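Reader: Hello! Could you walk me through the ring pairs and charged pairs here?
Author: Gladly; let us look together.

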Amino acid sequence: MHNNTLKTTFLLLACITLPLSCNRPKSFTIHMMGDSTMADKDTTGGNPERGWGMVFGDCFKDNVTVMNYAKNGRSSKSFIDEGLWDSVKVHTLPGDYIFIQFGHNDEKINSPQRYTAPWGEYQDNLRLFIKTAREMGATPVLLTPVARRAFTDGVLDEHTHGEYPAAMRAVARETGTVLIDMETATLDWIRAAGDSASRPYFMWVEPGTVKAIPDGRQDNTHSTEIGARRNCEIVCDSIKAEIPDLAKFFK
């Protein structure tokens with residue numbers, strides 16, 4: 001019998017015989033599903049790019065494992081079609097959490113492998129993730145996409161993700177799922193910081209300064225290490241407010 005099956009059987013039996021003490025296993029996993037703003041990065045050649053999922057595990061005690069399945073360029077559709085969702089399901093046990101952050105790449109209408117309509121397939125995929133997570137005994141958590149840093153004459157564009165954040169918020173209300181509103185929170189801090197002060201948090205790299213990016217880059221979507229840690233702080237603050245049972249496992 002597969003090890004995961006044995007663990008699942010044990011946990012289910014324990015919950016039947018000891019219901020009052022089985023709200024949360026002593027050790028569990030947070031599974032992270034998402035795109036490049038969450039994903040692990042190749043740091044070869046001094047590449048400063050970081051997804052916030054790379055530092056999220058640092059927030060927890062040793063009995064919490066964080067598994068980051070997020071990949072660059074993935075949408076809710078391609079995450080399913082490429083088998084990444086299957087990987088999450090294989091490793092999920094009762095008592096685990098599944099963090100779900102999509103939107104950046106679902107927007108790409110010229111990419112049929114990734115595009116989903118915000119009030120159609122996008123919501124259907126979110127509902128699938130939520131329903132399946134609960135069937136497995138896990139807790140789903142929705143996260144709206146991290147805001148893009150888009151200033152024009154000093155004014156921040158607050159609608160770079162179109163209808164996708166609103167569509168996710170609607171699914172969260174409909175299904176009673178915890179929502180971490182990353183878009184609103186990241187917009188707030190970027191706006192407060194302003195154009196110049198917010199640049200170091202994103203992949204603004206001068207030519208000739210980083211071996212991995214010899215020509216430099218002006219990227220208002222992807223984070224440097226301090227940007228990833230800032231996004232992680234936002235997630236952790238939201239967990240304290242919205243998921244206090246999980247916050248108990250912070251260091």
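Author: A word to begin with: buried means under 20% relative accessible area, exposed means over 50%, and partly exposed is in between (1.4 Å probe, protein chains only). This is a predicted model, in which local features need pLDDT of at least 70 and side-chain atom pairs count only at pLDDT 80 or more, while totals for chains, interfaces and linings use all residues. Residues are numbered from 1 along each chain as its sequence is written, and side-chain values use heavy atoms, with hydrogens and water left out.

Reader: Is R127 buried, exposed or partly exposed?
Author: The relative accessible area of R127 is 26%. That value lies between the cut-offs of 20% and 50%, so R127 is partly exposed.

Reader: Which residue forms a salt bridge with R127?
Author: A salt bridge needs a side-chain nitrogen of Lys or Arg within 4 Å of a carboxyl oxygen of Asp or Glu. For R127 the closest N and O atoms of the pair are 2.8 Å apart, and the partner is E174.

Reader: How many residues apart are E174 and R127?
Author: Helices here are DSSP runs of H or I with at least four residues, strands are runs of E with at least two, and both are numbered from the N terminus. E174 sits in helix α6 (residues 164-175) and R127 in helix α5 (residues 121-135), so the pair links distant parts of the chain, 47 residues apart.

Reader: Which residues are linked with K41 and E49 in a network of salt bridges?
Author: K41 and E49 themselves meet in a salt bridge of 3.0 Å, N to O, and both are buried. The network also takes in R217 and D219.

Reader: How many aromatic pairs does a search of the whole structure find?
Author: Rings of Phe, Tyr and Trp (its six-membered ring) pair if their centres lie within 6.5 Å; planes under 30 degrees apart count as stacked, over 60 as edge-to-face and the rest as tilted. Searching the whole structure by this rule gives twelve.

Reader: Are the rings of F60 and F250 stacked or tilted?
Author: Their centres are 5.0 Å apart and their planes stand at 45°. F60 and F250 are both buried. Given that angle, the pair is tilted.

Reader: And the rings of W189 and F202: stacked or tilted?
Author: W189 lies in helix α7 and F202 in strand β8, and both are buried. Their centres are 6.5 Å apart and their planes at 20°, so the pair is stacked.
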